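Try each task before you read its solution.

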Amino acid sequence: MLNHKPLAWTLFLIATLFVRSAAANGAAPGELQSGSLLMRIGEGYATAMPLDTNVNITVNGLVARVSVMQEFRNEGSEWAEGIYVFPLPDEAAVDHMRLYVGDRFIEGEIREKEQARKEYEQAKQAGKKTSLVEQQRANLFTTSVANIGPGESVIVEIEYLETVRYDDGTFSLRFPMTLTPRYIPGEATGDSQGLGWAPDTTLVEDSSLHTPPMIAASNSHKVSLQARINAGMRLEIIASRYHPVTVAETSSHYTVSLAGGRASMDHDFELLWRPVPSSAPRGMVFAETVGGEPHYLLMVMPPDDGTVTSRMPREMIFVVDTSGSMHGVSIAQAREALQRALDGLQAGDRFNVIEFNSHPTPLFAESMPASGSNVAMAQAFVNRLEANGGTEMNAALQFALRTSAPHGYLRQIIFVTDGAVGNEEGLFKLIEARLGDARLFTVGIGSAPNSWFMRKAAEAGRGTFTTVSALHEVAEKMDRLFRKLENPQLTNIELQWPGGTAVEAYPSIVPDLYLGEPVAVRVKASHEFRPGAALRIVGNSIAGTWTADVPLAIGAQSPGVAALWARARIADLLDRQRRGADETETRSAIVATALMHHLVSRYTSLVAVDKTPVRPAGDPLAREQVPNLVANGQGARALFGFPATATNAAELRQRGLLMVLATLLMLAMSAWYRRVTNGTPR
């Protein structure tokens, strides 16, 4: 009789290692398409509480106020704490939070982050309903809500302000629905501050706080959305790019809602509107006085006569992300965008293409002339691009920024990526340190790109950013970008304020302006400007020096302008901190500004606490991480098929051990087979 024990033990060891490997990588493959919500508790998975969202947007002129109501439903049998990581626009000024319990609501209070967390934990332990809203990144927030009873629903409402974007004659705003999981570089530290799938690392110390689990489908995670647009003028167009909507008009006021009532939260919502051309203003001023101090939001259009008198030869460096998170529709969009860019090269230009995932791969060792043969080689290179591996942007950016442009050339770097990284601050530092005379333009790819990274990287690179969220819009948006690149309108811009009034304006350094793009400035003045006072904007255009005067008279008050100035000031203080300013001083200034204007920031949070305990003492409290939907167009491979951190040594060691065991198994089976065929008993 044959003895199967050695073979059985070998198979058992291999199966055990496979199970442990899957658990270590945070994947539950059998459940990815089940339609149930997954949460991670400790090392296992369970069904998480359903969550739905209602969004109300009100736009007056250039300012949008947005209300986001998140409904947490506890369908389990235990008291629960829900934790939800979610994106917001990267320039959102979050200033209100309310916790709704039945027909009551508790208004959130702004506190320093540590104090808010302390109050939340104390209320949670005391069995009181409580909620906490914290900022993880400028465009990434966490809502925690504790002591939700079995069968109970609790609603958390968040309000924020943002400035409407204006580009090429069109106003737009974007509401993010989900996120693309960030690539987390560095060595694991062994600590985890949160429940995310990634451990904290040496380069991203808080990665466990902003890496929520992802699910491919869900019966919840639905959103209803209404927008009311008071543009102050008749509109030629009002439309949604990615969601069917219904539009109603009453006296230049427009109401927009989702055509189906609700939609899955797997694709960012973007609304755009365009005034009748003859009504488009060249300058707009909005003002609000808070605490006796006037605040202004100014927007001025650059000169645009549609003609170009000269064109400097360009060195175009195309950097394209081919990491795992770009798998699916995103890599197809990236390939199409690059082909469009290559078609736009002209005689006399130079260029190079650099793809990157876990490491950069340049097409050429250095930029080459845009000859027919070189462009054809690049087109073939782009057609072969596939998504695989990690998102090591640092090495790719270093390669792109390592040299200066040849004499007489304007260097423009086009960076095509979904921005799915967790080490944004380090990349901003690199861009600022290495930029030189180059200009960096970012192209955000996918249905849920990291918009904060895209905008700040372009800002650090003194360029602009573009978002491409669907394959059908690649041609339109890339062609618009290339028109800008060929037509820089103003450089070396200077803002000249009327004398006698101290001002604090952001951005403090105005970036270059390109065709169809305005300059937007947020200002706090020491006192109101004199009647008839105007801001003078001076810059260098293709035709020479250009100036424009913008009247500063205050008309009707525009609520929210002061909070938007405060949000811009906080962002500027963080930029100074990154450049080496004293952290204690900048933190103190950020806290003071955030508390004054009731804003969530890196150092402040909103907390709401109900006064009456509801969870009986001794009853357990389950802590549940609510997942996000996989972004539209992404496959499970983009999330689970590639390493989460820069180093995959542990994974390689596991694979090596499995290969050794598999070899031993094959040897054992071979020996067993020889004995059986030779008639040798065991």
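**Exercise 1.** Find the strand that holds Leu 99, and decide whether Leu 99 is buried or exposed.

*Solution.* Start with the strand: Leu 99 sits in strand 6 (residues 93–101), where strands are DSSP runs of E, at least two residues, and helices are runs of H or I, at least four, numbered from the N terminus. The model is predicted: local features need pLDDT of at least 70 and side-chain atom pairs 80 or more, while totals for chains, interfaces and linings use all residues. Residues are numbered from 1 along each chain as its sequence is written, and side-chain values use heavy atoms, without hydrogens and water. Next, the relative accessible area of Leu 99 is 0%, so Leu 99 is buried (under 20%; exposed is over 50%, partly exposed in between, with a 1.4 Å probe and protein chains only).

Now look at its surroundings. Beyond four places in sequence, the contacts of Leu 99 (heavy atoms within 4.5 Å) include Phe 105, Val 145, Ile 155 and Ala 608. Val 145 lies 46 residues away along the chain, with 8.7 Å between the two C-alpha atoms.

**Exercise 2.** Work out which residues touch the most other members of the largest nonpolar core.

*Solution.* This core has 77 residues, and Leu 88, Ile 229, Leu 271 and Trp 273 touch the most other members. (A nonpolar core joins buried Ala, Val, Leu, Ile, Met, Phe, Trp, Tyr and Cys through side-chain atoms within 4.5 Å.) Helix 9 (residues 561–578) contributes the most, nine residues.
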